[in-house]
Amino acid sequence: MNGAETIPASLAETREARLKWLMQEYGENVFHLICLTVKSHSLAEDITQNVFIKAYRHLDQFRGEGQIKHWLYKIAMNECKKHFRSWSFRNIFPTVDDHLGNLLDGQATNRVEEEILSRVKRDEIVAYIHSLAPKYRQVILLHYYEDLSIQEAAEILSVSQEVVRTRLHRARKQLRESMSKGGQG
């Protein structure tokens, strides 16, 4: 592991200092991953807060056997799973937050035409990803958005590598089908 993946020794003195470091180092990445997973800015804020509360409570249990980022992602994915199993998710349809579009728009070029075309294409891709079932959306986000290997995604989701491969295959197939239908309409 390199220095960016472990808690600096100078912060090992207090749990609060370690938590603060974790939040500064990984808070934005964890939030973006959750936001893309649950499709709601405000809900992602709540879940992110829960992730860091859990991390704080269990800091002593992190043995340093893997990357701390992956440990946080695993907590985040478990919290997202808990949300998807909740009554409110099954009975109330979440809304897509404008913040998600803003996250992707930050890379747009300065030329107006290119910016508009780029934004429309990114919005379409995000909409297609959001149309996937949560289990497919999770593997797409972990593998492509977070650039994790299949093995790392499997560890975070607590499933086998074959399950991740299968879900990726099915998710890509659904995305291709959705995108081809969208292009015809």
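Trainee: Is Ser158 buried, exposed or partly exposed?
Mentor: Ser158 is partly exposed, at 48% relative accessibility. That label covers what falls between buried (under 20% relative accessible area) and exposed (over 50%), using a 1.4 Å probe and protein chains only.
Mentor: Bear in mind that this is a predicted model, where local features need pLDDT of at least 70, side-chain atom pairs count only at pLDDT 80 or more, and totals for chains, interfaces and linings use all residues. Residues are numbered from 1 along each chain as its sequence is written, and side-chain values use heavy atoms, without hydrogens and water.
Trainee: Okay, where does Ser158 sit?
Mentor: Look in the loop between α8 (150–157) and α9. Helices here are DSSP runs of H or I with at least four residues, numbered from the N terminus.
Trainee: And what about the phi of Ser158?
Mentor: Ser158 has a positive phi, about 60°, despite not being a glycine. Most residues other than glycine have a negative phi.
Trainee: Switching topic: which helix holds His169?
Mentor: His169 is in helix α9, and with 47% relative accessibility it counts as partly exposed.
Trainee: How far is the C-alpha of His169 from that of Ile140?
Mentor: Those two C-alpha atoms are 9.7 Å apart, while the residues are 29 apart along the chain.
Trainee: And where's Arg170?
Mentor: Arg170 lies in helix α9 as well, and its relative accessible area of 45% makes Arg170 partly exposed.

Notes
Helix = DSSP H or I, 4+ residues; strand = E, 2+ residues; numbered from the N terminus.
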